[in-house]
Amino acid sequence: MSAYEKLLSNNKSWAAGMVKESPDFFRNLADQHPEFLWIGCSDSRVPANEITGTLPGEIFVHRNLANLVIHTDVNLLSVLEYAVVHLKVKHVIVCGHYGCGGIKAAMTSHDFKQVLNMWLRNIKDVYRLHRNELEAISDLGKREDRLTELNVQEQVLHLAKTSIIQRAWQHTKAPHLHGWVYGLKDGLLRSVFSMTPDSAIDPIYAYDDLR
Ligand code: CO
């Protein structure tokens with residue numbers, strides 16, 4: 001059996017196991033009502049459901065390299081709008097992870113060619129914003145870890161800059177925004193930043209005529 005055939009065969013066993021445990025499992029998933037939107041890294045070691053002990057139907061997921069929230073990313077923005085406006089999620093979680101290849105790459109001066117350079121530049125911008133704090137850390141590994149945390153914080157701030165989040169906060173007092181970092185070495189999630197509908201937004205980003 002080839003590697004991809006193994007996936008299809010695993011799937012049959014998994015589906016049968018789920019039905020055995022809970023006969024109505026798939027029927028009950030005809031509609032989804034997830035409370036959470038997860039914006040995580042594409043890294044294969046950080047699967048949203050497994051590390052949070054959740055099942056299909058519980059988390060709406062978007063993943064990209066280094067869990068970035070970029071205001072021209074139509075893919076991310078459509079996921080965000082659908083999750084917030086239509087699914088009415090209560091929490092949006094941006095989850096980074098220590099040992100992130102995107103963070104490490106952005107800290108080098110290597111040319112990764114145009115598309116990756118473009119993407120990683122967003123992390124370099126986070127580095128530049130927090131250069132003093134980061135360069136005071138002499139240990140390179142610890143500096144990467146801190147940039148991982150600051151990157152998550154900046155992406156949460158980016159969420160709050162969108163009219164999608166600001167409108168939802170004004171109208172429904174939700175969602176709560178969370179910045180988490182996952183440890184590949186211990187499997188644990190740490191909360192590093194959060195914002196509620198009452199959090200202050202830098203006035204230059206705050207809309208005062210939302211309808
Ligand atoms: Co990563």
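This is a predicted model: local features need pLDDT of at least 70, side-chain atom pairs count only at pLDDT 80 or more; totals for chains, interfaces and linings use all residues.
Residues are numbered from 1 along each chain as its sequence is written, and side-chain values use heavy atoms, with hydrogens and water left out.

**Figure 1. Overview of the protein.** The secondary structure comprises eight helices and five strands; helices (H or I, at least four residues) and strands (E, at least two) are DSSP runs numbered from the N terminus. Their order along the sequence is α-β-α-β-α-β-α-α-α-α-α-β-β. The C-alpha trace spans about 55 × 50 × 30 Å along its principal axes. Of the 211 residues, 38% count as buried (buried means under 20% relative accessible area, exposed over 50%, partly exposed in between, with a 1.4 Å probe and protein chains only). Among contacts (heavy atoms within 4.5 Å) between residues at least 6 apart in sequence, 62% join residues at least 24 apart.

**Figure 2. The five-stranded sheet.** The strands form an open sheet with mixed pairing, in the order E2-E1-E3-E4-E5; two strands pair if DSSP finds at least two bridges between them. Strand E2 (59-64) and strand E5 (189-195) stand at the edges with a single partner strand each, so one side of each has no neighbour in the sheet. On average, neighbouring strands are turned by 20 degrees against each other, direction ignored. Axes are lines fitted to C-alpha atoms, for helices over the stretch in contact, and angles run from 0 to 180 degrees between N-to-C directions. Helix H3 (residues 74-86) lies across strand E1 (36-41), E2 and strand E3 (91-97), and runs at about 170 degrees to E2.

**Figure 3. Strand E3 and its pairings.** Six of the seven residues of E3 are buried, so this strand is largely enclosed by the rest of the structure. E1 and E3 pair in the parallel sense over five bridges, and Trp38 stands opposite Ile93 in E3. The pairing of E3 with E4 is also parallel, over seven bridges, with Cys95 opposite Trp180 in E4.

**Figure 4. Strand E5 and Leu189.** Strand E4 (residues 176-182) and E5 pair in the antiparallel sense over six bridges, and Leu177 stands opposite Met195 in E5. Leu189 lies in strand E5 and counts as partly exposed, at 31% relative accessibility. Leaving aside neighbours within four places in sequence, Leu189 is in contact with Trp38, Ile51, Thr52, Cys95, Trp180, Val181 and Tyr182. Leu189 and Cys95 are 94 residues apart along the chain, and their C-alpha atoms are separated by 8.6 Å.

**Figure 5. Surroundings of Asn67.** With a relative accessible area of 2%, Asn67 is buried. Beyond its neighbours within four places in sequence, Asn67 is in contact with Ile39, Gly40, Cys41, Val94, Cys95, Gly96, Asn151, Val152 and Gln155.

**Figure 6. Packing of H7 against H8.** Helix H7 (residues 140-161) and helix H8 (residues 163-172) pack at an angle of about 70 degrees, with their axes 5 Å apart. H7 and H8 are therefore roughly perpendicular (angles under 35 degrees count as roughly parallel, over 145 as roughly antiparallel, 65 to 115 as roughly perpendicular and the rest as oblique). Leu159, Ala160 and Lys161 in H7 meet Ser163, Ile165, Gln166 and Trp169 in H8. This contact has four nonpolar, two polar and one charged residues; Ala, Val, Leu, Ile, Met, Phe, Trp, Tyr, Cys and Pro count as nonpolar, Asp, Glu, Lys and Arg as charged, and the others, Gly among them, as polar.
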